[in-house]
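Keep the view open while you read.

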Amino acid sequence: MIHALTLLLLRVRAFVARDFQLAISYRFEFFLRILTILLVVTTFYFISQIFAESGTQFSQWRDPLAAWITGLAVLNYFMTGFSSLANAIRSEQMQGTLESVLLSPVSVPTVVIASSAWDFVLATFHSSLYFFFGWLFFGVHFRGSFALALLFLVITTLVLACLGILSASFAMVFKRGDPFAILLGTGSALFSGVFFPTQLLGSGFGAVSRVLPTTYGLDGIRRVLIEGQGLSEVRDPLMILFIYLAVLLPFSLWVFARAVRRAKREGSLIQY
Amino acid sequence: MKASQRPGPREPIIKIDRISKTFPIPLWRLKQFLRRPTKPPVQALREVSFDVHTGEIFGLIGRNGAGKTTLTKIIATLVQPTSGTAVVKGFDSVNDDEKVRAQVGLATAEERSFYWRLTVEQNLMFFARLYGLNDRLARRRIIELVEQFELKELVSRRFGELSTGNKQRMAFARAMLAKPPVLLLDEPTRSLDPLAAARMRALINSLAGGDPSVTILLTSHNLSEVEELCSRIAIISRGQIRAVGTSKEIRREHRQSERVMLTIDGISLERAEQSLSSTFDEVEIEEQDQTLVVSFTRETNDERFDKILRTLHDGGGRILSIETERATLLEVLESYEREQEEEG
């Protein structure tokens, strides 16, 4: 058991080291991304000044910059959880390196998980930058339990990773045109309350919002960090996320195993 | 020592048992339901069976599309067979795929299988870690391999900056990272210059003859290379194994006859014609630079050769040289292809 875990960690480290080396071979892009985050936070700061004097009935949006920063940082993380698994497969397929990676004595699920590890490292760094720039330059402060916010972040990311596994399964069999990516990628920003309160969506779009796990994740994190709520107050969104996880985890793993088997049978594992 | 001369234990390390592979049509049921036209499924392999023994260099030859790559990929667990089994060192390629991969190194001529922006060392280090080598062991192994494969001066160069030949050496070095007992080589000298190709062949030979010995299954279009390196060969044509054996056995099995050319002197053309044509059919005699060249075809191990020699000798002839010409591997391959085409 310990040996297997050590081997897994060694392999995850191999992928992280590889992706780090690849990332620093594109240094300019790395710094450009940091600058982009600073520009985005600055832009939202000035937009927030429009609403500086006007009150709002939505308690999470009384400091709109804090709400936006939280929304953007968390959405970045959620989307990494969702897209990195499928992207890991797709980019290796397109580079032509998937075959050589799959020739090593590593299982396909390990390859998928390990090769998305760097995305999470990068997402953590980028998401932290939103908070850091908000705090450093624009005086944004958060309160409440960071541990509880982290719990929301982890559970929601896991739920999205399950959807990501479904997306990766789709990429493995159909290669392109992933419907999960289209629905969740574009849908989350619009319907999860990243830029405005979900209450404004009304009953029709509100229903879409209530289906998305990102809505509960983001709501929970804002309630904790902005409104300072405790565990008893955020129990409902947390429970919903756990139910999502309980249903999606076994289902996505089952679908993934079938997709791998099918791709091997068709001999299309390395095609894209 | 040549592979064909190498003694040693002959246990099968790779067992291919009645493997068939038909590539299914993706979304076949859906296409049928929508009444969309579908192509027939491609049958890449049909009931392929053979064993590769420990320490052997085994060659798989055939035309493009014959099924060599599919078979190699099945052994490497990248593709699952439709039926039949591939067992490597006792592990099944479908049920124990991870264990099989731990026994096998595959080197292909595919340049895209590396990360072009990483250096030689970074690439090898990444794959070494995937094979479960810790950093200390991996570094030591990389130093050994870059020396062995003449890549020492290039370790800090990006993979994308290497020549095609060096990229091929990298693929070989990567396959050897975990010292696997089985190596699958897909055209190992395709992009190498003649000198480098000769060194690569010597290296392949030394791996198979080393201690512990590495079993090598190689596919190639270079038939002279296959003959030089491989102790046994399988000819694959349209997904079927047509012949398995040493190159000598395959040629002999394929064509029992051989062409013999004798160069003689001490006997005139008239005398030779007189004594030979009365006893033997289809013997050609030509005069060349004050010698005679006597050509004839004989069946392997028949008495015709001995009798012609005696007749010429009795007539005062002196044998200067004897040349025999058997079917080349290329001719064997071509004839199997022709047979297949005739069978339809």
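A crossing of two helices counts as right-handed if the near helix is turned clockwise from the far one by less than a right angle, and as left-handed if anticlockwise. That term is needed below. The model is predicted.

**Two helix pairs in chain A**

Start with helix α1 of chain A, residues 2-24. It packs against helix α6 of chain A, residues 117-138. α1(A) passes α6(A) in a right-handed crossing. Which residues of α1(A) and α6(A) meet? From α1(A) come A:Val12, A:Phe15, A:Val16, A:Asp19 and A:Phe20. From α6(A) come A:Ala117, A:Trp118 and A:Val121. By class, this contact has 7 nonpolar residues, 1 charged residue and no polar ones.

Now turn to helix α7 of chain A, residues 146-174, and helix α10 of chain A, residues 213-225. They pack at an angle of about 170 degrees, which makes α7(A) roughly antiparallel to α10(A). On the α7(A) side, the contact includes A:Leu148, A:Phe152 and A:Leu160. On the α10(A) side, it includes A:Pro213, A:Gly217 and A:Val224. The contact of α7(A) with α10(A) has 10 nonpolar, 4 polar and no charged residues.

The table sets out the packing of the two pairs.

| Helix pair | Angle | Axes apart |
|---|---|---|
| α1(A) and α6(A) | about 60 degrees | 8 Å |
| α7(A) and α10(A) | about 170 degrees | 9 Å |

Angles under 35 degrees count as roughly parallel, and 65 to 115 as roughly perpendicular. α1(A) and α6(A) are therefore oblique to each other.

**Where chain A touches chain B**

The contact takes 26 residues from chain A and 25 residues from chain B. On the side of chain A, the elements that give two or more residues are α1, α4 (98-102) and α11 (235-266). α1(A) gives the most, with 8 residues. By class, the side of chain A that touches chain B has 10 nonpolar, 9 polar and 7 charged residues.

**Chain B and its sheet**

Chain B is divided into domain 1 (3-253) and domain 2 (256-325). How many Å separate the centres of the two domains? Over C-alpha atoms, the distance is 47 Å.

Chain B also has an open sheet of 4 strands, in the order β12-β13-β11-β14, with antiparallel pairing. β12 (284-288) and β14 stand at the edges, each with a single partner strand, so one side of each is left without a neighbour in the sheet. The twist averages 20 degrees from one strand to the next.

Strand β11 of chain B covers residues 257-265 and pairs with β13 of chain B, residues 291-299, over 8 bridges. Here B:Leu262 has B:Val294 as its bridge partner. β11(B) also pairs with β14 of chain B, residues 318-325, over 7 bridges. There, B:Met261 stands opposite B:Glu323.

Two helices of chain B go with these strands. Helix α10 of chain B, residues 269-277, lies across β12 and β13 and runs at about 170 degrees to β12(B). Helix α11 of chain B, residues 304-314, packs on the sheet and touches β11, β13 and β14. The direction of α11(B) makes about 155 degrees with that of β13(B).

How values were computed: Residues numbered from 1 in each chain as written. Chains lettered and ligands numbered in written order. Predicted model: local features only at pLDDT ≥ 70, side-chain atom pairs only at ≥ 80, totals over all residues. Domains from an automatic or database assignment. Axes fitted to C-alpha atoms, helices over the stretch in contact; angles between N-to-C directions. Parallel < 35°, antiparallel > 145°, perpendicular 65-115°, else oblique. Contact = placed C-beta atoms within 7 Å. Nonpolar A, V, L, I, M, F, W, Y, C, P; charged D, E, K, R; others polar. Pairing = 2+ DSSP bridges.
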